[in-house]
Amino acid sequence: MSDDIKSRILGAARALYFERGPEAVTMRAVAERVGVTATALYRHFADKDAILREVVGEGSRLLGSHLFRALEAPTPLERLRAAGMAYLDFALAQPQAYRSLFEPGAEDETSPVHLQRGAVRRFLRDRVREAMDAGVVAEGDPDGTALTLWSLLHGLAALHQAGITRIEWSRERVLTSLIEGIRAPDETAASR
């Protein structure tokens with residue numbers, strides 16, 4: 001029974017969060033949706049922030065599971081491309097969870113959103129570094145290249161969510177353009 005009520009609390013909080021943003025998630029509003037008193041929520045969560053951490057943490061875990069699938073690709077360059085595709089797949093499949101990871105207010109270094117952002121940056125940097133070490137991406141600053149990649153991915157996801165472009169139509173072309181632009185000179189010439 002305890003897991004059922006906790007699940008219902010999180011479902012109600014998630015719905016409020018996605019409908020109206022984090023400020024809409026109050027103990028009273030969540031309790032009303034669940035059909036319990038606000039004080040009953042405190043048996044399962046210490047406060048509103050604990051509920052919000054769980055809601056946003058779910059988005060973080062989903063993004064992580066998408067990104068880690070990229071590690072199954074056989075070569076460093078394919079893993080780099082697969083990481084980009086996985087990021088965009090997550091933004092497409094879980095638009096609300098994706099948006100929750102980029103809400104303002106994650107300045108607290110212990111917040112799940114802040115930690116997830118750091119993990120995404122490290123994951124992309126590791127894929128870039130791996131491709132540089134393999135000689136298939138031009139040597140350079142892996143942090144800067146990863147930030148460029150992340151900016152492109154996030155921008156494409158944001159354009160999709162704004163209805164300006166469609167990820168499924170443009171992701172292959174955009175990722176190919178970026179990867180061709182950072183390929184090692186010998187690799188670029190060999191692929192022509």
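The protein carries 25 positive and 27 negative side chains, and the centres of the two sets lie 4 Å apart. In this tally Lys and Arg count as positive and Asp and Glu as negative, while His and the chain ends are not counted; each charge is placed at NZ of Lys, CZ of Arg, CG of Asp or CD of Glu. The model is predicted, so local features need pLDDT of at least 70 and side-chain atom pairs count only at pLDDT 80 or more, whereas totals for chains, interfaces and linings use all residues. Residues are numbered from 1 along each chain as its sequence is written, and side-chain values use heavy atoms, with hydrogens and water left out.

Some of these charges pair up. A salt bridge requires a side-chain nitrogen of Lys or Arg within 4 Å of a carboxyl oxygen of Asp or Glu, and the count comes to 12. In one of them, glutamate 172 meets arginine 81 at 2.9 Å, N to O. This pair links distant parts of the chain, with glutamate 172 in helix 9 and arginine 81 in helix 5, 91 residues apart. Helices here are DSSP runs (H or I, at least four residues), numbered from the N terminus.

A second pair, arginine 127 and glutamate 130, meets at 3.3 Å, N to O. Both lie in helix 7, 3 residues apart, about one turn of the helix. An α-helix has 3.6 residues a turn, so residues three or four places apart point the same way. Arginine 127 is buried, with a relative accessible area of 10%, while glutamate 130 is partly exposed at 22%. Buried means under 20% relative accessible area, exposed over 50%, and partly exposed in between (1.4 Å probe, protein chains only). Arg79 joins Arg127 and Glu130 in a network of salt bridges.

Turning to the fold, the protein has 10 helices and 0 strands (a strand being a DSSP run of E, at least two residues). Of its 192 residues, 42% count as buried. The largest nonpolar core has 54 residues, and Val30, Ile51 and Tyr87 have the most contacts inside it. Such a core is a set of buried Ala, Val, Leu, Ile, Met, Phe, Trp, Tyr and Cys residues joined through side-chain atoms within 4.5 Å. Helix 5 gives the most to this core, with 9 residues.

Val30 also belongs to the buried residues of helix 2, together with Met27, Ala29, Ala31 and Val34. Their cover includes helix 1, helix 3 and helix 4. Beyond its neighbours within four places in sequence, valine 30 is in contact (heavy atoms within 4.5 Å) with Ile9, Ala12, Ala13, Leu16, Val25 and Leu41.
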